[in-house]
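Subject: Structure for you to look at, with notes

Dear colleague,

I am handing over the structure we spoke about, and my notes on it follow below. Please read them with the model open beside you.

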Amino acid sequence: MCELLGISSSRSMNAQDLLHEFRRRGGETADNTDGWGMAFLRDDRFVLHKEPLPAVHSHGYVELADSVQTDLLIAHVRKARLPRVNTLVNTHPFRHHCCGRDWVFAHNGLVPEAIALARRATQPPCTPAGETDSEHAFCHLLENISQHIHEPPASGLEPWFEALAALSGMIATHGKFNFLISDGVYLIAYGHDRLHYCEHVGGGKGEAAWIATEPLTAEPWQAFEAGELRVYHRGRLIGRVMTPHAAVSSLASNNHPLNAA
């Protein structure tokens, strides 16, 4: 099954140990051997590196893990299912431009219906470059975000966060849908059935939040609730939205047999 890693921090950090442990999930401690990718902020812009190769055998991954200094990162190791092709264009994370911002996205799960949903858009903000259900879901999410991102907040949380959660819950009812998405400001994580977080608050190293499919360190990690969307800004949780109850029930009981992206 594909796996995710996200980092949001109040200061630029070296996550070498975390990234090397995640690398092992790409062919050593898990069989996600169909590609790896890493998107991270540098000078307020996303840098994206990826290869359709096992992370555990990639010198490029090792060099990045040893050198990256950033406050926002999304990484992915892939187990190909839809399509079962490990090409560069089908390797996560994906990057598209929408609403005056660059966005990156990585997914764990299988939601083939997202392909049809994305193709129904009359004015899509992006066109998938590859064939994955994941990238089609990404474009469908961006279409939804573009319709709500300029709405003024009624009370605290941005309206598009709640709209994103609602659409994510709807997509998740058709399969499995765990993902990380970022616009370079926020790290947003949606947990359908397999996602964990570890938060570091205060102290000399500032605030930081790590999101991963499976816990990667010996520290305490907490599992997402089914249908939970968490929004982080500079390492701090600023918002939490639950998918509507009916969708949550569907998510919890869904046992779709194909569960990798």
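A residue is called buried when its relative accessible area is under 20%, exposed when that area is over 50%, and partly exposed in between. Cys99, with a relative accessible area of 26%, is therefore partly exposed, whereas Cys98 has a relative accessibility of 4% and so counts as buried. Please keep in mind throughout that this is a predicted model.

Let me continue with the cysteines. A search of the whole structure finds 1 disulfide, and the residues that it joins are Cys126 and Cys139, with an S to S distance of 2.3 Å. Cys126 belongs to the loop between helix H3 (113-119) and helix H4 (133-148), while Cys139 is in helix H4, so the pair ties together parts that are 13 residues apart in sequence. The link of Cys126 and Cys139 is left-handed, with -135° about the S-S bond, and both Cys126 and Cys139 are buried.

Next, the nonpolar interior. In soluble globular proteins, nonpolar side chains tend to be buried together. The largest nonpolar core here has 32 residues, of which Trp103, Trp160, Leu164, Phe177, Ile181 and Ile188 touch the most other members. At least two residues of this core come from each of strand E5 (94-98), strand E6 (101-110), H3, H4, helix H5 (159-172), strand E7 (176-182), strand E8 (186-191) and strand E12 (228-233), and the element that gives the most is H5, with 7 residues. A second, separate core has 25 residues, among them Leu5, Trp36, Cys198 and Leu216.

Setting aside neighbours within four places in sequence, Ile188 is in contact with Trp160, Phe161, Leu164, Phe179, Leu180, Ile181, Leu229, Arg230 and Val231.

E8 also has strand partners. E7 and E8 run antiparallel and are joined by 4 bridges, with Ser182 standing opposite Leu187 in E8. These two strands form a hairpin with 3 residues between them, and Gly184 in the turn has a positive phi of about 90°. E8 pairs with E12 as well, in the antiparallel sense and over 6 bridges, and there the bridge partner of Ala189 is Arg230 in E12.

Finally, I looked at helix H1 and at one residue of strand E4. The buried residues of helix H1 (residues 16-23) are Leu18, Leu19, Phe22 and Arg23; seen down the axis of H1, they fall within an arc of 140°, so they line one face of the helix. The elements that cover the buried residues of H1 include strand E1 (3-13), strand E2 (36-42), helix H2 (59-67), E4 and strand E10 (208-212). Thr70 is in strand E4 (residues 70-77), and with a relative accessible area of 4% it is buried. A polar atom of the Thr70 side chain lies 2.8 Å from the backbone oxygen of Leu41, and, not counting residues up to four places away in sequence, Thr70 touches Arg11, Ser12, Met13, Phe40 and Leu41.

With best wishes

Methods
Residues numbered from 1 in each chain as written. Predicted model: local features only at pLDDT ≥ 70, side-chain atom pairs only at ≥ 80, totals over all residues. Heavy atoms only, no water. Disulfide = S-S within 2.5 Å. Buried < 20%, exposed > 50% of the residue type's maximum accessible area, 1.4 Å probe, protein only. Polar contact = N/O pair within 3.5 Å; in protein donor to acceptor, adjacent residues only side chain to side chain. Contact = heavy atoms within 4.5 Å. Core = buried A, V, L, I, M, F, W, Y, C linked by side-chain atoms within 4.5 Å. Pairing = 2+ DSSP bridges. Arc of directions from axis to C-beta.
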